[in-house]
Amino acid sequence: MQTFTSILLSVILLASTSPVSSSNTVPSFPVQPDTQICNLDLSDELFGGVNDACGGDKALDRSRCCPVLAAWLFAAHARTALQLPTSASSPSGTSELPMVPDDESQKCVNSLQDSLRNRSIMIPQPNANCDAILCFCGIRLHMISSLSCPAAFNVNVSAFRNVTGPHNAMPTGAVLDLEKSCRNSSYAGCSQCLAALQKVRGNKNGSEGGRSRKILNRDCQVMSLTWLLLRNKTAYIPTVSAVLRAIMYSAHPHESKCSPDQENMPLAVADSLHFDNKNHAPLSSPPLTLLFLIITIIIVVISASS
C-alpha cells in the first residue's frame with residue numbers, strides 16, 4: 001500500500017512540475033520546406049498591441065493602426081533582420097535589393113496573419129484587392145545584409161573573424177545613442193528620438209536620384225529602430241510606434257514631425273497579462289484535471305484500505 005501511494009505521489013509531483021511547452025517562433029507553413037517559412041518572434045504583447053490598434057469592426061485608421069502594426073512586425077522580425085551569415089560579405093553600394101523581396105515579406109505577413117487568426121484577432125481588409133499589412137500600411141521587411149548603412153551598422157566580415165556561426169551586425173555609436181534618446185514616447189521624447197535618427201543616414205555609391213536616397217535613408221532609420229526593438233521591445237515599442245508614425249505615416253509626407261495628437265496613438269503595449277489569461281487559460285486545464293483525478297484515486301484507495 002505504501003509503495004502504491006508513493007508511486008501516485010511521484011506522478012502528482014511530475015504532473016505539477018511539467019511545463020506546458022509553447023513557442024513564440026511561429027512558422028507560416030510548418031509542413032512545407034524551409035524556403036516557405038518565415039520565423040517571427042511573436043509574443044502576447046504583440047497580439048494585445050495589434051488588437052488594440054487595428055482589431056474590431058471599425059474601419060482601419062492609417063495613422064492609428066499602421067505605426068503600431070509596423071513596429072510589432074519589425075520587432076518580431078528583428079532577430080532575423082539583423083543577422084549576418086558567416087559567409088556574408090560587406091554589401092556593395094550597387095546592391096539592388098534594399099529590402100526583403102515581396103515574396104519573402106508575403107511569407108512573413110502570412111505567418112503573422114495565421115497567428116492573429118488563431119487568437120481570433122481580425123484586422124479589417126480595406127477591400128478585396130488590398131490587405132492591411134502590405135497594401136494599406138505599406139510595410140516591408142528589411143535585411144541588414146542587403147542595405148548600405150555605414151553610419152548605422154558595421155557589416156564588414158573582417159570585424160567578425162573570430163566569430164563562428166550567424167551573428168548580428170554591429171551598431172555604430174549613432175545607433176547606440178538611440179537607447180538614451182528614444183526612451184520617452186511623449187511628443188517631446190518622440191521629437192528627440194527623431195532628431196537622433198537624423199545621424200543615421202544611408203549611403204550608396206553612384207548617382208541615384210533624391211527619391212532613391214530618401215528611401216534608403218528611411219530604410220536605415222527603420223533598421224536602427226529595429227535594433228532598438230531587438231534590445232528591448234517592451235521599453236521601446238511605444239516610442240518606435242510614434243516615430244514610425246512620423247516618418248512613414250505623416251499627413252505631410254515631405255516633412256517628418258512627431259504628432260502632438262496622443263489620443264490617436266494607442267499604447268503599443270497592451271495588458272499582456274490580461275490578454276495571456278484570456279487567450280491561453282485552456283493550456284493549463286489538462287494538467288489540473290489530471291492532478292484532481294489522481295488525488296481522487298488516492299482518496300478512494302486510502303478509504304477502501306481503512
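Arg79 and Asp41 form a salt bridge, with their closest N and O atoms 2.8 Å apart. Arg79 belongs to helix α3 (residues 62-81) and Asp41 to strand β2 (residues 40-41), so the contact ties together parts that are 38 residues apart in sequence. Asp41 is partly exposed, at 24% relative accessible area. The model examined here is predicted.

Three salt bridges were found in a search of the whole structure. Another of them joins Arg231 to Glu179, the closest N and O atoms being 3.2 Å apart. Arg231 sits in helix α9 (residues 210-248) and Glu179 in helix α7 (residues 178-181), so this pair ties together parts that are 52 residues apart in sequence. Arg231 counts as exposed, at 53% relative accessibility. Glu179 counts as partly exposed, at 21%.

A further salt bridge lies within one helix. The side chains of Asp114 and Arg117 meet at 2.5 Å, N to O. Both residues are in helix α4 (residues 102-118). They stand three residues apart, about one turn of the helix. Asp114 is partly exposed, with a relative accessible area of 22%. Arg117 is also partly exposed, with a value of 43%.

Disulfides provide a second set of links. A disulfide is a covalent bond between the sulfur atoms of two cysteines. The count comes to seven disulfides. Among them is the pair Cys66 and Cys137, with sulfur atoms 2.0 Å apart. The angle about the S-S bond is -75°, and the link of Cys66 and Cys137 is left-handed. Cys66 lies in helix α3, while Cys137 lies in the loop between α5 (132-136) and β4 (153-154), so the pair ties together parts that are 71 residues apart in sequence. Cys66 counts as buried, at 0% relative accessibility. Cys137 is buried as well, at 2%.

Cys190 and Cys258 form another disulfide, their sulfur atoms 2.0 Å apart. The torsion about their S-S bond is about -80°, so this disulfide is left-handed. Cys190 is in helix α8 (residues 187-197) and Cys258 in the loop between α9 and α10 (272-280), so parts that are 68 residues apart in sequence are tied together. Cys190 and Cys258 are both buried.

Cys130 and Cys135 are also linked, with sulfur atoms 2.0 Å apart. Their disulfide is left-handed, with -105° about the S-S bond. Cys130 counts as buried, at 9% relative accessibility, whereas Cys135 is partly exposed, at 41%.

Conventions
Residues are numbered from 1 along each chain as its sequence is written. This is a predicted model: local features need pLDDT of at least 70, side-chain atom pairs count only at pLDDT 80 or more; totals for chains, interfaces and linings use all residues. Side-chain values use heavy atoms; hydrogens and water are left out. A salt bridge is a side-chain nitrogen of Lys or Arg within 4 Å of a carboxyl oxygen of Asp or Glu. Helices (H or I, at least four residues) and strands (E, at least two) are DSSP runs, numbered from the N terminus. Buried means under 20% relative accessible area, exposed over 50%, partly exposed in between (1.4 Å probe, protein chains only). A disulfide is a pair of cysteine sulfur atoms within 2.5 Å.
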